[in-house]
Structures are given as structure tokens and as C-alpha cells.
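Hi everyone, thanks for coming.

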Amino acid sequence: MGADIVNQAMSMGSMIQMAMESLVSPTITAVTTALFTAMFVGRKTEQKGLAGTKTTIFEEEIRTLLDNGRLSYREFNQIKNYLEVAEKADEFHKECGYDKVEPNTQYDIDWFIRFFDAASNVSNEDLQKIWAKLLAGETICKGCFSLRAIETLYNMSPEEARLFSEIADIVIDGRYIFYEMGSIGEEINKKYGFDVPSLRLLEEVGVVNALIAEAEDAIEPDECAGFQCGQYLLLVKSESSTALHYKMLLLTKVGEELYLAFHEEKDNYAYLYDLGKSMEKELNVKVGLYRITGYSGADIPQYDETVNLMDEKRA
């Protein structure tokens, strides 16, 4: 029985080596190599720097650790899970472009060890994709995901993660959920899966602040107020001076971080369309819905004024 486990683990050692060699992103490869060196190979040899270790050491070192009984089969499973996450992160890196990584970035190995401790215990493929976005994001922009974000995600159940993923589709400006503007809000949010029970659950998870915040946008005849959701922009105009009073539920700091991992860009503007239609009906304002085509130097959304998606839907 013991020999079978060792043989299976040895086969997994070869698989791990092949998986390591299949990683394309030099940053993901370097971080993963250094991480395994620090956590496993480091038990027998001196730790090496982030970019200074070759992946080819793992087959030999794994065999040695197995022979010495210093690496368990459970740890092999953790390595397998982590590498599945790393391969998915590699794909995200490829989509973003490897040149997005700042040269000579000094990464915090402690962050990646904490990441490994959490992500290596996750075998659910959907959750692994979220963990992969954290890994890719941290290697592209050091510090964008905190240790608290790792802890919060690790404590999420698949159902809680699914709920937050759905809610991420209606988050405005990447930081809040539209709650109420007069009689507008409740029914629309329910339609898209956000109600009182889901609010309470996401509050317990730690990604939504249940305290209701209030805001006001003053609109002059030649101005407009804007609400961005994903790659779409809802602009509200009025023929006379007016003010939009509305309530919102802010994401927590961790919620804002995890939103970056949970949100997926979709070619779907139904939520903003429903919101805009209700505003036109209840507030006597003119609403335009546009696809964002890019951003100016000050991160101001750019769009084609001649293509109003509100008009297209009406037609």
C-alpha cells in the first residue's frame, strides 16, 4: 500500500514538472518556482531568489523529499491544486499582456505563501478561476489584493461566491450597488438577484457594507450625471437644473478588491437599461446608454454619442 502511494506521488512529481514547464508567463513561473522552493525544496536546501531557481530541480528534489518522508501525499494534492490555479493565472496573464508587469518588481514571498495556503486547498474549478485572477492581478500590480482579500475569499462557500459573482454584474463604478432613488431601485435589484437576504449574506461574508449611504448629483442643463457598470455608461440629463438624490450600498475595501476578480466583462447592458427606463418614467429626465470605447488620460470614459442603446432597445 505504501509503495503504491509513493509510485502515485512519483507520477504526480512528473506531472508537476510538466505543469511548471507549461507555464508561459515568466512572472507566474518565477513566483511559482520561488514559492515551491521556499515551502518544499527549502526544507532540504537553502532558499533561492524569485527568479533564480530552475523548474528542473523539482523532479530530483521531490524524489528526495519522498524518500526521506518529508513530503506528504496531501502536500502533493495541494501542489496539484495550486498548479491548476497557476495555469489559469497564466491564461489571464496572456490576455492582459506580459508587458504589463513592472520590470524588477520585488514581490513579497510571504503574500504568495499565504496565497498558496489558501488556494492549494481549492479544487472547485469556478473558485480556482477567481483565485487565478488574484494571482495574476498581484503579479501584474503588486499590492492590489490584500491578505484580508485572501482570507475573505478562502472563507467563501461556492454558493456565496456565485452570489457575489452575480452581484458584481450590477456594481456601479466598481464600488457600490445602486439601492434607491425615490421609488426606483428595489424591484430592479430583485430582478437581478439582489434582495434583503442576499444583502445580509454578503454583509456576513464581508464584501458589502449594509449601512446605506446617500449621494446627490446636481445637474445643470448643459451637464449630466453618469453611472458606469462594466463597459457601459448611463448618462442622465435634464432640461432644467435638478438634483438626483439616491441611496447606495458601498462595497467594503475587501469587496472592492475582490470585485476586480469576480467581475467579468460581458456584452450585457440590461441592468443599466432597466435603471435608465425607470429614471425616464419616474424623474422626467432624459437618459442615454452608451458603450465605452476607451478612456482619456484622466480615466474619463469615452463613448460614441451617436449610438444610444436606449434608442436601439426602444426600436
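Let's start with helix 6, which gives four residues to the lining of the largest pocket, the largest share. Helices here are DSSP runs of H or I with at least four residues, strands are runs of E with at least two, and both are numbered from the N terminus. A pocket is an open set of points on a 1 Å grid over the protein atoms alone, where a 1.4 Å probe fits, with protein on both sides within 12 Å along at least five of seven lines; lining residues have an atom within 4 Å of a point.

Before I go on, this is a predicted model: local features need pLDDT of at least 70, side-chain atom pairs count only at pLDDT 80 or more, and totals for chains, interfaces and linings use all residues. Residues are numbered from 1 along each chain as its sequence is written, and side-chain values use heavy atoms, with hydrogens and water left out.

So, who sits around that largest pocket? Its lining has 25 residues, and Cys-96, Lys-133, Leu-260, His-263 and Glu-265 lie nearest the centre. Two or more lining residues come from each of helix 4 (73-96), helix 6 (125-140), strand 4 (225-229) and helix 11 (253-262). By type, the lining has 13 nonpolar, six polar and six charged residues.

The second largest pocket is lined by 14 residues, with Asp-126, Leu-127, Ile-130, Ser-165 and Glu-264 closest to its centre. Helix 6 and helix 8 (158-167) are the elements that give two or more residues to this lining. Helix 6 again has the largest share here, five residues.

Now the core. The largest nonpolar core holds 77 residues, and those touching the most other members are Phe-115, Trp-131, Leu-134, Phe-227, Leu-258 and Met-279. Such a core is a set of buried Ala, Val, Leu, Ile, Met, Phe, Trp, Tyr and Cys residues joined through side-chain atoms within 4.5 Å. Take Leu-258: leaving aside residues up to four places away in sequence, Leu-258 touches Leu-134, Ala-149, Thr-152, Leu-153, Met-156, Phe-164 and Val-207, where contact means heavy atoms within 4.5 Å.

Last, the cysteines. How many disulfides are there? The count is zero, taking a disulfide as a pair of cysteine sulfur atoms within 2.5 Å. For Cys-144, the nearest cysteine sulfur belongs to Cys-141, 4.7 Å away. Cys-144 counts as buried because its relative accessibility is 19%, whereas Cys-224, at 37%, counts as partly exposed. Buried means under 20% relative accessible area, exposed over 50%, and partly exposed in between, with a 1.4 Å probe and protein chains only.

Key:
Ala, Val, Leu, Ile, Met, Phe, Trp, Tyr, Cys and Pro count as nonpolar, Asp, Glu, Lys and Arg as charged, and the others, Gly among them, as polar.
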